[in-house]
Amino acid sequence: MPQRPSRHRRALLEREAELVAVDDALAELTGLRADAAGPRDHRPRGGLLAFAGSAGLGKTTLLAEARRRAGELGCTVLSARGGDQEQQVAFHVARQLLQPQLAGAAETELRATLGSWYGIIGPALGLCTAEGAAPDPQGLRDGLDWVLTHLAVQRAPVVLMLDDAHWADPQSLNWLAAFAPRADELGLLLIVAYRPDELPPGAESFRGLPGRAGHRPIDLEPLTAGAIGTLVRSSVGEHADDAFCRECWAVTAGNPFEAVELTAKVRDRGVRPDEASAHLLRDLAAAIKGSGLVTRLERLGPSTVRLAWAAAVLGTEISPALAATVAGLGREEAADCAERLRDARILTGGGTLEFVHPLIATAVYRAIPDAVRVALHGQAAWSVVDAGLGASAAARHLLETHPEGDPWVVSQLRAAARETLRAGAPEAARSYLGRALREPPPYDDRAAVLYELGCSSQLLEPSVTVNHLRAALEEPIADPALRDGIVFRLSQSLAHSDRLGEAAEVVGHAARTATSARTRLRMQAEQFMWDAFRADEPDSPSRSRRLSRLADRLTGRDLTERYIIGLRAWDATLRGEHTATVLHHAGRALDGGLPWAHEDWGFEVPVLVAMTYMYADRPGRAEELFATGIADFERHGWRGAHLSFGYVLLGYVRYRRGRLAEAEDFARDGLRLAERVGRGTPVQWYAVAVLVEILLARGRTEEAAALAAEYAFQEPFPAAVTFPDAQAVHGELLLARGLHREAAAELAAVGRRLDPRGMRNPAWSPWQLHLALAEAPDAPDRARATARDAVARARQFGAPSAVGQALRVAAEVTGGAEGLKLLEESVAQLEASPSAHQLACALVAHGAALRRAGQPAQAAEQLYRGLEGALQCGADGLAEQASRELGLAGLRPRRLHAAHSDTLTGRESEAARRAAHGDDHPRIAAALGTGERDVARLLSAVYRKLGTDPSGLPEALHEPPRPPAPPAPRPAATATGARAPQPR
């Protein structure tokens, strides 16, 4: 933090309470008492200590004293100061705080220290140039959090000081405001000073941060007459009489800065400090600030005035050579002028110039005639570029100039916007490009500027981006690549604004008018993707046929073709084509790579391909893909909506596997990240829907209902297709609450929406299953028909988990002997699936049905297995149901097996290896010396642990399949009367 001048240290008057607060905070931080008497008995504690006060009340002096005391206690001090002229320089404060701690290291050392954060935060802190895709603002803030946390741990105890926080740039201020609540737990002390009436609107959260002083800033009060008298006598002599001192207090209103400056003028003018001279004080005080200061400055001569103006335009840490250039003065003349300004107590410093006080800087800047001020900012922009400081340093000056149609201005603003956007500050980039557009740019460059402006606004306001990009398309565009880029970005912005139909139409029109075959294919890929997400697509079956014909003839030679093939896999999933078809196309799409964090492609298709594996009973492979994608997001600093989607959907995969506690953790992390993006966003809909399903599976219906109410999870639902389907999840919630008729109406509406589009896969949206349960009390025949249709659709898809779940629901609405047979098959199907929760549900349902059928022994076995499975899954409600059924059967829960682990046991490994090589159950049973029922259960555990079904076992074990051996003689049946499904 650049220090304001202090001719000598003087005692801080009437700031005893503030200094006690500082000492207490430092004592808590260092673990020492203020008098260094000895260690405290508890861990170091940080927090926020904020001082608020009007200009001139001594905030800077107080922070300087706090800094001195912190240094004496061995603290590492990070310091920064906001600047009136630097508010529009992104990360200006963050650089002051962190750059000195890092800039001295070599690049290799920095990379080793910062790791993957180097490329994310390096450009923002001025440590390296930006390369690759820009991080999103949240990712950058997370990176800055990491660096500050690292420093707080490695260089403890650490004190962070921010003076003039009201002038801090928005990026730094928002970061610190979000970080401040963590200071206490880290043992980091933040000491902040600001003018409360000048905090910008975007910093209101900063004003309300909890602090150490009763959860509010400590307000600095003006000095009393006695304190001003002490200050006056210490400056002009003890002979100053009471009347004179009291008049000094009256004309300065107890402002210590004004009192110091006034006594200096009294001393310089030789005024006698007595009652007879008291009438002169008011005129002397008027010369300290405002018009009086300006008049005093003008008396120093025009050259000196120009240097002061130039310094005011440049802001803080002023280079004398640069100030001379801006002022149009020679080196010697500028040096003479600087000396006069120092003598006049306006500037201070030698190698670097500073204003004595911000009040003086503000008065000088406001005194510059408008036309001259604009010209000086223009000259400053040229000068900083010539000095090699770059376009970003010039941009803040160009913002203050008048438009004149200068191509150089446009080029500098565009360059600054690129640098700033890559550094993670889209707000600043948008302001630069908006100014470039007003310059205006050359006619041929206008489309490019509008495109860049749209790109900078996309994360902030997608709807505004749409306007910029539509305007860009109306301009003459000679570069086909630029036109394509505008179209792609426009379609993304429309889609992210929940205008999927318009997004599809934009790329559809571009595909129809494209002159290049590759461009046409790329536009078709985009159109297919946005159509796939549309809930109101007019002719979905026709689109599916076109997509199928196109994808089947593509080889996947480039990213465009692989995206189309990936969309074909997703379409096959939605329509319930067999899992073999789905997995075939998903594998083709991945052969050659599908990047998750490509700057010119969205992440939607890689996500869809990963989800196809989950629905096709390969959740283990889906998790691998999500882990890769999440790592890509984090590496690029995409820690907003992208990372939120990754966590939410990874939680959904865990839910489908039956790992409900882990699933809830991921979903809550994803919802927390979605909250940082903003309420009502698409990712929030996904997060709430997934979390509601998980809570219902865990038996926490009231909590799920409260969550839905908190986030208004109800009609109107998003226009986009989501997974899980939001309206279907809402219907499931109504059913769980016992609102059968309302649930039936909601779920029937889902069917009317999805069926005409050909989205018939119950693995993706099991709305029919929940509808059957909702219809059962009032329309049992219709419920059975609905469930039978769902079973048929599930069999067509072929995923054991989907078939098993559908059979269980069909059994529940059918009952009797037929229901018992359906449950038996449900268990057999789910034993061949990776879905632990659905298997536990089927076992409990089967056990309950066997109990009611008078088969207590068989019921006990299934109920015990179901109870154990429910507990391992974290399905507390299902576990309670199993316990009740055991009680009704006259049994009590027995000691359960060891806690669930992903590691295969020796027998499981041997059974899995043999099954992967094509051995059937009798042959495996013979090799292991056990029965076929035990083999089925061993392999069932294998499928759940590896996250696959039988057909994916060789890939999950990384063993190539071999032709099956001739079948061994088969026993008549298992103990339950049904043979477990064999590996395909």
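How do the axes of helix H39 and helix H40 cross, and within what distance do they come? We will get to that pair in a moment, after a word on the model. This is a predicted model, in which local features need pLDDT of at least 70 and side-chain atom pairs count only at pLDDT 80 or more, while totals for chains, interfaces and linings use all residues. Residues are numbered from 1 along each chain as its sequence is written, and side-chain values use heavy atoms, with hydrogens and water left out.

Now for the answer: the axes of H39 (residues 767–775) and H40 (residues 780–797) come within 8 Å and cross at roughly 165 degrees. Here axes are lines fitted to C-alpha atoms, for helices over the stretch in contact, and angles run from 0 to 180 degrees between N-to-C directions. That makes H39 roughly antiparallel to H40, since angles under 35 degrees count as roughly parallel, over 145 as roughly antiparallel, 65 to 115 as roughly perpendicular and the rest as oblique. The crossing of H39 and H40 is left-handed (the near helix is turned anticlockwise from the far one by less than a right angle).

Let us step back to the whole protein. The protein has 49 helices and 7 strands; these are DSSP runs numbered from the N terminus, with helices being H or I of at least four residues and strands E of at least two. The C-alpha trace spans about 120 × 75 × 55 Å along its principal axes. Of the 984 residues, 58% count as buried (under 20% relative accessible area, with exposed over 50% and partly exposed in between, using a 1.4 Å probe and protein chains only).

The axes of H29 (559–574) and H31 (residues 604–615) come within 9 Å and cross at roughly 40 degrees. That makes H29 oblique to H31, and this crossing too is left-handed. Tyr 563, Leu 567 and Trp 570 of H29 are among the residues making the contact, as are Val 605 and Met 611 of H31. The contact of H29 with H31 divides into 10 nonpolar, 3 polar and no charged residues.

In the loop between helix H28 (540–553) and H29 you will find Arg 557. Arg 557 is exposed, with a relative accessible area of 59%. Leaving aside neighbours within four places in sequence, Arg 557 is in contact with Arg 518 and Arg 562.

Finally, some backbone details. Most residues other than glycine have a negative phi, and most peptide bonds are trans. Asp 164, though not a glycine, has a positive phi of about 50 degrees; this residue is in the loop between strand S3 (158–163) and helix H7 (170–179) and is buried at 2% relative accessibility. Ala 253 has a positive phi of about 55 degrees, but Ala 253 is exposed at 55%. The peptide bonds from Glu 715 to Pro 716 and from Phe 723 to Pro 724 are cis, with omega near 0 degrees. Pro 716 lies in the loop between helix H36 (701–710) and helix H37 (726–736), and Pro 724 is also in the loop between H36 and H37.

Conventions. Contact = heavy atoms within 4.5 Å. Nonpolar A, V, L, I, M, F, W, Y, C, P; charged D, E, K, R; others polar.
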